[in-house]
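I am opening a notebook on this structure. The entries below record what I looked up and what I found.

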Amino acid sequence: MNDDTKSLGMSVGNPRPKLRYMRQPPNRTTPLFGRLDVFIRLDEILGPDARDSSFKSVALHGLGGVGKSCIASSYAENKFSEKAYDVVLWIQAEKDVSLQQSFTDIALRLELSGAHPKSHDENRLLVQHWFQSTQCKWLVIYDNVESANVLMPYWPRSSSLGRVIITTRNPLLALDHSASGIEITSWDVDNGAKFLMFLLKERHGQDTSSENLSARKLSEKLGGHPLAISQVASLIQDGKYNTIRDFTNMYLENPRAVHARDELTALWGFAFQSLEKNGFSLLGIISFLEPDNIPLEIFTPQFDPQLPPDLIFLKDKSTRFSTALRELTTLGLVKCDKDSSVLSVHRLIQAEFRCLLEPSRRQRVYDDAVTLLSCVVPKDDDESGQLYDRWEGFNRYLQHALNLRDIFEEERKSQYPLKASKAFCNMMNSYQRYLYENCAFEECERTCALNRNAISTITTAEERIDLEATIMSHQAQVAEKLGNIEQALNICQQQINIRLNQSPPNLILIAWSFCNLGIAHSSANNFEKALEDFEQSHKRWDAHFSEKGERRQLASSIRVSEARCMIGLERFNDAEEILDMTIAQIKGESPVNFGTKAYAYFCMGCLDRCRRRLESAEEHFMEAQNAWRRGEQTRLHPFNAGILYNMGACCLEQGKIEAAIKHFRDSLEITSFYHRLMPVEHGRNLFKLSKAMIQNGDESIMEVADLRRKAEACLKSKQPGVNDSSTDSAYDNYIPDIPLKPNFTAKSTLLHFMDSTLCSPFAAACRRDEQQPNTDELYPRESISLPVVLLAALLKGASDSLGSVT
C-alpha cells in the first residue's frame with residue numbers, strides 16, 4: 001500500500017495522538033473528474049473536520065465501474081492533506097480473507113503491540129481496540145463490500161473520532177451498516193464527453209468542435225459509463241488513432257460480435273481483440289486471480305516449470321513479458337505499482353474478459369492460471385505431515401487460490417462448466433490442510449466439498465481415487481475437531497480402505513491415515529482400538545523408510561498422539577516415557593516443530609493432573625504455552641484456549657482462585673471466536689468461570705446467573721435434549737477428548753457437590769459455606785481413577801495432534 005507516514009511506533013496501550021498515516025490502494029484509480037456534488041454530500045454526512053461527537057458512516061453505491069473507489073480515494077486524500085484526519089486506512093473488503101489481510105497489514109504498519117503476520121484474529125482485535133482508544137481522527141474506507149455478514153466482524157465500534165466510507169454495488173448495504181447512502185451514477189452525455197476530453201488533455205485533434213461532437217457520440221453510445229470512457233481514452237492514447245473522430249468513426253462502423261450483449265461488452269471486446277498474443281494471454285491469467293493484489297512473482301516463478309505453449313513468453317522476462325505487461329498498462333486494462341511489484345485490475349474487466357473467451361479457450365486460460373499459481377505456492381511434504389513452517393507462503397497466495405476455487409464453483413452453473421486439472425485439485429488439497437491448521441473449518445469444509453466435485457471431472461480413475469482419499473482425510477479431521485466423532489470415524493475408515501487398495505500402496509500416507517484414525521478413536525474414548533491404530537501407523541512408517549533404505553524415528557506428532565491414548569488407558573508410566581522421548585526428539589530437530597512441542601508439554605500437564613501433581617501440571621501447561629508462542633503461533637487459536645483452561649483448572653484445584661478466574665477469562669476470549677462451531681467448549685468456559693467466581697465469593701449474583709444461562713444455551717445448541725447443565729460432566733461428555741467412564745469421580749463429582757451446596761438456587765450463589773466438608777475426605781485421592789477434566793481440555797482445535805497431510 002502507498003502511505004504517507006510522519007510518525008509511527010505506537011501501541012494499543014499508549015496511542016500517539018500525533019500519528020500521521022495514510023494507507024491508499026497500491027494502484028491508484030483514474031484521475032477524478034467532477035463529482036464535486038458528491039464531495040459536498042460526503043462533507044455534510046461525515047462532518048468536514050471530523051469533530052462531531054458521534055460515529056458516522058456512509059455508503060457509496062452504484063454499478064461497477066462508475067467510479068465509487070476513485071471518489072472515495074480522492075476524497076480521503078484531500079481530507080488527509082487538509083488535516084481533517086490524522087489517519088486514513090484503505091481496506092479491501094470483498095471477502096473475509098481480504099479483510100483479514102488488510103487488518104493484519106494495518107496492525108503491522110501501525111506497529112500495534114502484539115501484532116503478528118500470522119495472527120489475523122488477534123490483529124483484528126488490536127485494530128478494533130485502536131479504533132476505540134486512539135486520540136487520532138481517523139477515516140476508514142471499506143472498498144468493494146459485497147456482504148454485510150462478512151463485513152460485520154470488522155466494523156468499528158462507536159468512536160467519536162472515527163468515520164467510515166463503504167463502496168459497494170449493493171444498495172442495501174447503505175441501510176444495513178452505514179447511516180447514509182449516496183448513489184453514484186454514470187455521467188450524462190455532456191459530462192461523459194467532457195470526461196473523455198479531460199482524460200485525453202492535449203492528445204485530441206485540433207478541430208475542437210469536431211472532437212467534442214465525436215466525444216458526445218461515444219458518451220451517448222457508452223451510456224456515460226466512466227470506466228468504459230476511460231478505456232476509450234486509453235485506446236486513443238495508444239497511438240493507433242490520431243483523433244477522437246477517427247476512433248469514433250472506426251468504432252461505430254465496426255460490426256458487433258454476436259455475443260455482445262450491449263455497448264460496454266462491445267467496447268471491451270474491441271479492446272481485448274486489439275491485444276497482441278502475449279498481452280492477451282497475460283490478461284487471461286490476471287482475469288482469474290484476485291483483482292486487488294496480484295504479486296508479479298506469480299508470473300516469474302523461481303524455478304523453470306513446464307510452461308504450456310501460451311505462457312512460454314514468461315521465460316523471457318526482460319523482453320516479451322515486459323512488452324506484454326506494458327501493453328496492458330498502456331491500454332488501461334491493468335495497473336502496476338512498481339514500488340510494491342503488485343498488479344491490480346477492475347473486476348468488470350475481469351468478468352468481461354472471461355465472458356469473451358470461448359469455452360475451450362477459457363478452460364485453457366484457467367488451467368494456465370492454476371499452473372502459474374501452483375509454481376509459487378509452497379510444496380507439500382508427505383513425510384513431514386504438517387505445514388506450520390510454510391504458513392507464510394500459503395497465506396501470501398491464499399486469496400488467489402480461493403478466487404480460483406470460487407470461479408470454478410460459479411462456472412459449474414454455466415452451460416460449459418470448467419473441468420479440474422490434477423494441479424488444481426492438488427493445490428486445493430494443500431489449502432485444505434492450511435485452512436484446517438488455521439482453524440478455518442468452514443472454509444476448509446467448503447473447499448473439500450468443491451474439490452470432491454472437481455475431481456469428478458478428472459479422466460484418470462487412479463488420479464481421482466488418490467485425490468479423493470486426501471480430501472476425505474481433511475473432511476474427517478474437521479469432523480473430529482467439530483465433535484462429529486462417528487462421522488470422522490466413518491470417513492477415516494473409508495479413506496484407509498481406499499489407500500490400502502491402491503497399488504502400489506503409499507505407505508507414508510497410510511501411516512498418517514492410521515494415526516488420524518487413532519486420534520478419532522481416542523476422541524471416542526475407544527483407547528484400545530486407538531492403540532491398535534497407532535501400531536498400524538508404526539508399521540507403515542517403518543516399512544516406508546525401509547523401502548528407501550533409511551531408518552527414521554517415528555514422527556513426533558504421531559508419538560504425542562499415542563501418549564494421549566496411553567493416558568486414556570491409565571498407562572501413565574508408558575505415557576510419560578513416550579512424552580519424554582518425544583520432547584527430546586523435537587528439541588534435536590531443525591527446525592523445531594513448536595506446535596508438536598507445545599502439544600507434548602500439554603499432554604505432560606494432563607498426565608500430571610491425572611497423578612494429582614498440580615504444581616507440576618501448571619508448570620507443564622505454562623511450558624506448552626511458551627512453546628506455542630515461541631513458535632509464533634496465534635494467541636487466538638483453540639489450542640491456546642485449551643492450555644489456558646487447564647491452567648485455570650489447575651489453579652482452581654490448588655485454591656488459587658483469582659489466578660483461575662483470569663485464566664478462564666482469557667480462555668473465554670478465545671473460545672468466543674469459535675463459539676458457533678465449538679459451542680460446548682465455549683459453554684464449558686462460561687460454566688467453569690461461574691464456578692470460580694462462586695468459590696471466590698464474588699458478590700455478583702446476576703453475573704453468575706448470566707454465565708450459567710449462556711453456558712446452558714451453548715450446550716443445548718449442540719445437544720438440544722440435555723436436561724442437566726449444572727455439572728462439568730454435562731459439558732465434558734460432548735467434547736471428543738473426554739474418556740466417558742462411569743467411575744469418574746474427582747472433579748465432576750466435586751463440582752457437582754459445590755453446585756448442590758453453594759449455588760442451587762442462584763439466590764445462594766454468593767454465600768460462603770463455612771461448614772463445607774473437606775472434599776479430600778469425601779473423595780480421597782486413592783479413589784481417583786482418571787479425573788474427567790484431566791483430558792477435557794484437549795480442545796478439538798489442537799490441530800497439532802493431527803499429523804496427516806492426506
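**Entry 1: a helix crossing.** I needed a definition before I began: a crossing is left-handed if the near helix is turned anticlockwise from the far one by less than a right angle, and right-handed if clockwise. With that in hand, I looked at helix 3 and helix 4, and helix 3 passes helix 4 in a left-handed crossing. I then looked up which residues make the contact. Helix 3 brings Q100, Q101, F103, T104, I106 and A107, and helix 4 brings H120, N123, R124, V127 and F131. I sorted these by class and got five nonpolar, five polar and one charged residues. Two packed helices are described by the angle between their axes and the distance between the axes. For helix 3 (residues 96-109) and helix 4 (residues 120-133), the axes come within 8 Å and cross at roughly 65°.

**Entry 2: the whole chain.** I noted that this is a predicted model. The protein chain has 35 helices and 10 strands. How much of the chain is buried? Buried residues account for 58% of its 806 residues. I also looked at contacts between residues at least 6 apart in sequence, and 73% of them join residues at least 24 apart.

**Entry 3: helix 14.** I turned to helix 14, residues 347-356, and found it mostly covered, with seven of its 10 residues buried. I wrote down the buried ones: R347, I349, Q350, E352, F353, R354 and L356.

**Entry 4: Q477.** I found Q477 in helix 20, which covers residues 461-481. Is Q477 buried or exposed? Its relative accessibility is 2%, and buried means under 20%, so Q477 counts as buried. I then checked its partners. The side chain of Q477 makes a polar contact with the side chain of R433, at 2.9 Å.

Entry 5: Most residues other than glycine have a negative phi, and most peptide bonds are trans. I looked for departures from this. The peptide bond from S503 to P504 is cis, with omega near -5°. P504 sits in the loop between helix 21 (485-501) and helix 22 (507-523). Next I checked N525, whose phi is positive, near 65°, though the residue is not glycine. N525 is in the loop between helix 22 and helix 23 (527-547). I checked R612 as well, and its phi is also positive, near 65°. R612 lies in the loop between helix 26 (594-610) and helix 27 (614-630). With a relative accessibility of 23%, R612 counts as partly exposed.

**Entry 6: helix 23.** I took the span of helix 23. Its 21 residues reach 30 Å from the first C-alpha to the last, close to the 30 Å expected at 1.5 Å a residue. Which residues of helix 23 are buried? I listed F527, A530, L531, D533, F534, S537, R540, W541, H544 and F545. I also asked what these pack against, and found helix 21, helix 22 and helix 24. Past helix 23 comes G549, with a positive phi near 75°.

**Entry 7: helix 24.** I moved on to helix 24, residues 556-568. Its 13 residues reach 19 Å from the first C-alpha to the last, close to the 18 Å expected at 1.5 Å a residue. Why do I call helix 24 largely enclosed by the rest of the structure? Because 13 of its 13 residues are buried. E570 follows helix 24, and its phi is positive, near 65°.

**Entry 8: T671.** I located T671 in helix 29, residues 657-671. T671 is buried, with a relative accessible area of 5%. A polar atom of its side chain lies 3.3 Å from the backbone oxygen of L668. I left aside neighbours within four places in sequence, and T671 is then in contact with A641, E681, H682 and N685.

**Entry 9: D706.** I found D706 in helix 31, residues 701-718. D706 has 26% relative accessibility and counts as partly exposed. I also looked up its distance to S690, which is 16 residues away along the chain. The C-alpha atoms of D706 and S690 are separated by 9.0 Å.

Note on methods:
Residues numbered from 1 in each chain as written. Predicted model: local features only at pLDDT ≥ 70, side-chain atom pairs only at ≥ 80, totals over all residues. Heavy atoms only, no water. Buried < 20%, exposed > 50% of the residue type's maximum accessible area, 1.4 Å probe, protein only. Helix = DSSP H or I, 4+ residues; strand = E, 2+ residues; numbered from the N terminus. Expected span 1.5 Å × (residues − 1). Axes fitted to C-alpha atoms, helices over the stretch in contact; angles between N-to-C directions. Contact = heavy atoms within 4.5 Å. Nonpolar A, V, L, I, M, F, W, Y, C, P; charged D, E, K, R; others polar. Polar contact = N/O pair within 3.5 Å; in protein donor to acceptor, adjacent residues only side chain to side chain.
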